[in-house]
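Visitor: I would like to learn how to read a few features of a model. Please take them one at a time.

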Amino acid sequence: MHLAEQTTLIDTREAELHVSQLLEAVKRRNPGEFEFHQAVQEVLTSLVPVVAQKPAYAAHAVLERLVEPDRLLSFRVPWQDDAGRIRVNRGFRVQFSNAIGPYKGGLRFHPTVNASIVKFLGFEQIFKNTLTGQPIGGGKGGADFDPKGKSDFEIMRFCQSFMTELSKHIGPDTDVPAGDIGVGAREIGYLFGQYKKLAGAYEAGVLTGKDIGYGGSLGRKEATGYGAVYFVEEMLQHAGSGFRGSTVVVSGSGNVSIYAMEKAMQLGAKVVACSDSGGFVYHKEGLVLETIKRLKEVEGRRIADYVEAHPEALYVEGCDGIWTIPCEIALPCATQNEIGKTAAEALVLGGVRAIGEGANMPSTLEAIEVFQRSGVLFAPAKAANAGGVSVSALEMAQNSARLSWTMEEVDGRLQAIMHDIYRSCTEAAEAYGTPGNLVAGANIAGFVQVADAMIAQGI
Ligand SMILES: NC(=O)c1ccc[n+]([C@@H]2O[C@H](COP(=O)([O-])OP(=O)(O)OC[C@H]3O[C@@H](n4cnc5c(N)ncnc54)[C@H](O)[C@@H]3O)[C@@H](O)[C@H]2O)c1
């Protein structure tokens, strides 16, 4: 019998056992990589009904193959600071799965970057990218480099050294990196400049998140934040409400956060708080976005300085307190595991109705449980923040066709993609017996297409 045609149904208990044994093996084989374990646990747990109903996946060891990246690259990044001192950082690229297209995923420059962080991000990226309906596989990368306090020239020299090694492993049809925490249009520019020099060719599609003047897409900067709000709006509309008239709390004040705030405000919400790694600001009458954009996008200052322009607002040191502010919608847009059990309980106590994850894995497994138990609508990162990579794929399409779409065109496509992602998640959740559970829906919808492609392509 053809393996793909295997039809003997697996009992749910057998599927649970299969998944829990695999999870134990993942923990054993990747010791100390807690973020990676957490991401795998969330996905595998929700795939139990799929494994039970589609025995071919177990027969083809699809799960066992998916939790092992195609390759994990780790490399030395030496560079010289402005004082002439030689510094050394560690760079990473994980190429997780190219079952449905070239590896695709951002680069993160932050001192906490290690193998566990890039692997959790790369693993999640496989399913997120599939959900977008675009032909892109999953990857992620970065370095334990801290861009804070570095000069433009230091950033440039670091990016050049990083790309000198990375360039050997990427290409428009192989692996296409983009930005993430600490990597914006400036870094992408330096990375692209070095890649171009080494490749001896103008391959615009090798990186996304480029500036508009040399191959970037209109709407890419806004895409993750706008997309997250489009997704949450759709989720709320199905429950009979929306952003209009709601009080919203958003963490972070970086790329995702700023454009999530902008779209939420455009839809008629009042955003009362945002943060950075030092603390948060609370402005009861509603934050003034122009001030945040000026501080963060133009002057590179701390969010604490917001109160200089708006003395009626309050600045509080430390990030956790932001979740105690009463709100109807919370959009965590800063970093992983920023909402634990206590913060989730505080949000529920403060009357939260919906959570939209702009950041990757911002809620711990315990926090998600609190939200689900309390009937809070929950939009998981894989689905809610897929707008960024969707427009990255649109950037690749424009690059290969050598044309540029208007902002209206890109935004229209983004809205349609987020709508389709919402539909696939709800349909998958329903089909596998967990109606309304978008965590399960996103994992299942993302998984099935990749799994089928893997089976079709052989081992
Ligand atoms: N940029 C994208 O297109 C994109 C796409 C999908 C997901 N994401 C995810 O969104 C999140 C934010 O990415 P970004 O691109 O906006 O990065 P960014 O560097 O532009 O902004 C990150 C923000 O978070 C703040 N921050 C960091 N640690 C914090 C903490 N512990 N508490 C509060 N604030 C903290 C920083 O000060 C900064 O304001 C990350 O999880 C990233 O993986 C980004």
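Predicted model: local features only at pLDDT ≥ 70, side-chain atom pairs only at ≥ 80, totals over all residues.

Visitor: How many domains does the domain assignment of the chain give, and what are they?

Guide: The assignment gives domain 1 (3-67), domain 2 (71-201) and domain 3 (221-384). The contact between domain 2 and domain 3 takes eight residues from domain 2 and six residues from domain 3. On the side of domain 2 that touches domain 3, five residues are nonpolar, one is polar and two are charged. Taken over C-alpha atoms, the centres of domain 2 and domain 3 are 27 Å apart.

Visitor: Which residues are closest to the ligand?

Guide: Gly 252, Gly 254, Asp 276, Ala 359 and Gly 388 are the closest, in a shell of 25 residues. Two elements give two or more residues to that shell, helix H10 (255-266) and strand S7 (270-276). H10 gives the most, with three residues. Domain 2 and domain 3 each supply at least three residues to the shell.

Visitor: How many residues of the shell around the ligand are nonpolar, polar and charged?

Guide: The shell has six nonpolar, 16 polar and three charged residues.

Visitor: Now a helix. Which residues of helix H11 are buried?

Guide: Begin with the general idea. An α-helix has 3.6 residues a turn, so residues three or four places apart point the same way. In helix H11 (residues 289-298), the buried residues are Ile 292, Leu 295 and Lys 296. Seen down the axis of H11, they fall within an arc of 80 degrees, so they line one face of the helix. The face turned away from that buried side carries Glu 290 and Val 298, which are exposed. The cover over the buried residues of H11 includes H10, S7 and helix H12 (306-309). Just after H11, Gly 300 has a positive phi of about 60 degrees.

Visitor: Which residues does the UniProt annotation "binding site" cover?

Guide: According to the unreviewed UniProt entry, they are Lys 104, Gln 125, Lys 128, Gly 179 and Ser 392. Lys 128 sits in helix H6 (residues 115-131).

Visitor: Why does Gly 179 count as buried?

Guide: A residue is called buried if 20 or more other C-beta atoms lie within 10 Å of its own. Gly 179 has 26 C-beta neighbours inside 10 Å, so it counts as buried. Gly 179 lies in the loop between strand S5 (175-178) and helix H8 (185-199). Beyond its neighbours within four places in sequence, Gly 179 is in contact with residues including Gly 106, Leu 107 and Gly 209.

Visitor: Is Lys 128 buried or exposed?

Guide: Lys 128 is buried, with 28 other C-beta atoms within 10 Å. Not counting residues up to four places away in sequence, Lys 128 touches Lys 382, Ala 386, Val 389 and Gly 446.

Notes. Residues numbered from 1 in each chain as written. Near = placed C-beta within 6 Å. Helix = DSSP H or I, 4+ residues; strand = E, 2+ residues; numbered from the N terminus. Nonpolar A, V, L, I, M, F, W, Y, C, P; charged D, E, K, R; others polar. Domains from an automatic or database assignment. Contact = placed C-beta atoms within 7 Å. Buried ≥ 20, exposed ≤ 12 C-beta atoms within 10 Å, placed from the backbone. Arc of directions from axis to C-beta. UniProt positions renumbered as here; feature names shortened; annotations may be inferred.
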